[in-house]
Amino acid sequence: MSKPALTELLQAAVTAVGGTERPGQAAMAEAVAEAVDDGRHLLVQAGTGTGKSLGYLVPALAHGERVVVATATLALQRQLVERDLPRTVDALHPLLRRRPEFAMLKGRSNYLCLHRLHEGVPQEEEDGLFDPFEGAAPTSRLGKDLLRLRDWSDETETGDRDDLTPGVSDRAWSQVSVASRECLGASKCAYGAECFAEAARERAKLADVIVTNHALLAIDAIEGAPVLPGHEVLIVDEAHELVSRVTGVATGELTPGGVNRAVRRAAKLIDEKAADQLQTAAETFERLMELALPGRLESVPDDLGYALMALRDAGRNCLSALGNTRDKSVQDEDAVRKQAKAAVETVHDVAERILEGSEFDVIWYERHDRYGASLRVAPLTVSGLLREKLFTERSVILTSATLKLGGDFNGVGASLGLAPEGIGDDDEESQTPPWKGLDVGSPFDYGKQGILYVAKHLSPPGRDASRADMLDELAELVEAAGGRTLGLFSSMRGAQTAAEELRGRLGLPILLQGEETLGELIRRFSEDAETCLFGTLSLWQGVDVPGPSCQLVVMDRVPFPRPDDPLMSARQKAVEQAGGNGFMAVAATHAALLMAQGAGRLVRATGDRGVVAVLDPRLERARYGSFLRASMPSFWYTTDRNQVRRSLAAIDEAAKP
């Protein structure tokens with residue numbers, strides 16, 4: 001029997017999920033099928049409302065080889081596993097004459113650990129939560145959470161934290177979960193046969209489609225120990241997030257608290273000499289960190305170098321000595337030793353990495369009001385790592401609503417380790433995998449549904465300027481819109497100042513990020529048209545509120561990275577030293593990505609109307625302004641403040657019942 005046509009498969013899947021066929025979705029599916037069949041790489045920009053999940057799932061399922069789908073957000077993972085995949089598989093089964101299996105796979109700490117649950121957390125003298133179920137009062141929030149987790153362990157089939165409703169605090173979850181380094185391993189654990197994390201891995205080995213997240217994908221690539229089963233096709237959704245997620249996984253950190261925790265965990269398992277050596281090194285490091293000033297370290301100062309050498313050497317000796325238990329009263333010795341080994345290894349490995357002083361690493365001090373000082377090390381770039389680990393031996397499809405920055409895919413491509421499109425295609429000596437970029441557009445008519453307004457008459461934002469004129473402009477716009485405003489700010493201080501100012505001026509409810517959980521804030525914002533929501537980074541990318549509740553999206557300024565951001569400034573400098581334009585490659589690209597995401601909050605459905613207002617005249621006046629505007633949806637563009645007020649008032653009036 002002949003193979004069913006892709007158009008027939010797509011039509012069946014779209015019908016099954018209750019969707020509507022879109023030209024962009026069909027174009028995407030054809031391009032994905034072609035790339036997968038040819039073993040090539042594809043970057044697809046698919047605007048909101050395209051139906052991109054089916055645009056890649058249908059051709060991937062039709063191909064028949066194992067596929068890994070990696071997403072950035074929990075919401076999309078759940079949508080794929082609970083909604084899109086079950087319905088798509090049911091719809092395609094009669095046509096494909098096979099039923100593809102699918103599974104979700106996450107990092108080990110996302111699953112309930114039965115050993116921790118039943119045996120308790122290995123005791124640390126300072127923490128004092130011996131058996132968490134004995135140590136926490138049943139009436140406390142922690143006690144209630146732990147008792148609920150114990151009951152849930154008898155009911156759950158997955159042990160996945162995200163299947164627990166309502167959820168529990170991070171503190172409670174940490175009592176019943178382990179990181180991969182702390183795990184005893186199924187063969188050595190009394191509960192290995194029932195382990196939820198191992199069961200998830202086994203399901204993944206048998207699945208045709210494995211849904212995971214960017215972080216686990218990064219761990220699989222970086223750490224060399226395969227976590228994901230072998231696969232022929234990799235699909236990275238929300239691909240604009242990939243570089244930052246991989247950077248996060250590849251970042252090492254040392255804090256006095258973390259080092260002291262390693263000392264406590266190892267103390268009972270090693271001889272006195274090794275314990276004293278580690279304790280002394282920890283105290284020296286802690287004294288040094290009390291004086292640390294935030295900022296990049298171009299080289300490791302002598303005093304820090306000596307402290308790190310002491311930590312590294314003490315850590316090495318400690319790891320060698322971990323075989324001899326000092327205190328015979330230690331309960332559950334294997335688990336205690338594994339936890340101690342994990343903590344000491346982290347200290348040793350990060351100290352050694354910083355001492356190596358690789359030209360490809362950036363080292364800096366950070367100081368947090370709540371957590372104190374930390375020493376961090378991160379890769380200058382992850383492009384080489386991604387090129388080597390991600391784009392070999394499989395076809396990779398990367399998709400997002402924002403991949404074209406400044407009008408082409410080359411900026412995002414470069415961050416992923418790819419040469420400009422079309423270069424190195426069939427050159428055997430080329431180190432760059434061939435790839436193609438495709439923009440399948442959006443079903444929305446941005447030119448008719450939205451206005452991009454730049455307030456070019458305002459004073460440009462300075463680092464310490466009060467921007468009184470910006471706050472006046474913001475108040476007038478929000479009033480004209482009748483509320484309905486999502487305020488995207490480049491700093492929490494800016495969001496707080498604006499919220500306080502407008503609460504005093506306007507008789508409208510102003511919600512502020514941090515005053516309630518993000519989910520609750522978005523719910524309240526979406527349910528009341530007069531309500532406004534102000535906040536920072538997570539709002540630029542995480543809000544999906546179609547309809548009349550969000551008809552004005554305001555950006556207070558172009559969201560360039562802070563000039564004192566050690567990693568961003570180091571990356572910019574490296575590009576300049578290589579002869580490139582560091583500002584455009586790093587700062588402008590970072591800003592363009594955020595502005596494209598932020599502007600995308602406005603139009604979420606075909607009936608949506610509204611304005612994106614940028615209260616930063618540089619978007620109109622500066623040379624890089626055209627690059628940033630070209631990265632945003634193609635709204636009708638104006639700098640006429642009176643026109644915008646009239647438009648907002650008309651949109652507000654039309655939206656009223």
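Figure 1. As a predicted model, it needs pLDDT of at least 70 for local features and 80 or more for side-chain atom pairs, while totals for chains, interfaces and linings use all residues. Residues are numbered from 1 along each chain as its sequence is written, and side-chain values use heavy atoms, with hydrogens and water left out.

**Figure 2. Overall fold and dimensions.** The protein has 27 helices and 18 strands (DSSP runs numbered from the N terminus: helices are H or I, at least four residues; strands are E, at least two). Along the principal axes, the C-alpha atoms fill a box of roughly 80 × 70 × 60 Å. Among contacts between residues at least 6 apart in sequence, 76% join residues at least 24 apart (contact: heavy atoms within 4.5 Å).

Figure 3. Helix α15 covers residues 333–356. Its 24 residues reach 34 Å from first C-alpha to last, close to the expected 34 Å at 1.5 Å a residue (expected span: 1.5 Å times one less than the number of residues). Just after α15, Gly 357 takes a positive phi of about 60 degrees.

Figure 4. The bond from Thr 165 to Pro 166 is cis, with omega near -10 degrees. Pro 166 sits in the loop between α7 (141–155) and α8 (170–174).

**Figure 5. Glu 238, positive phi in a loop.** Glu 238 is not a glycine, yet its phi is positive, at about 50 degrees. The loop holding Glu 238 runs between β5 (233–236) and α11 (242–249). Glu 238 is buried, with a relative accessible area of 14%.

**Figure 6. Glu 393, positive phi in another loop.** Glu 393 has a positive phi of about 65 degrees although it is not a glycine. Glu 393 lies in the loop between α16 (383–389) and β10 (395–400). Glu 393 counts as exposed, at 81% relative accessibility.

Terms used. Buried < 20%, exposed > 50% of the residue type's maximum accessible area, 1.4 Å probe, protein only.
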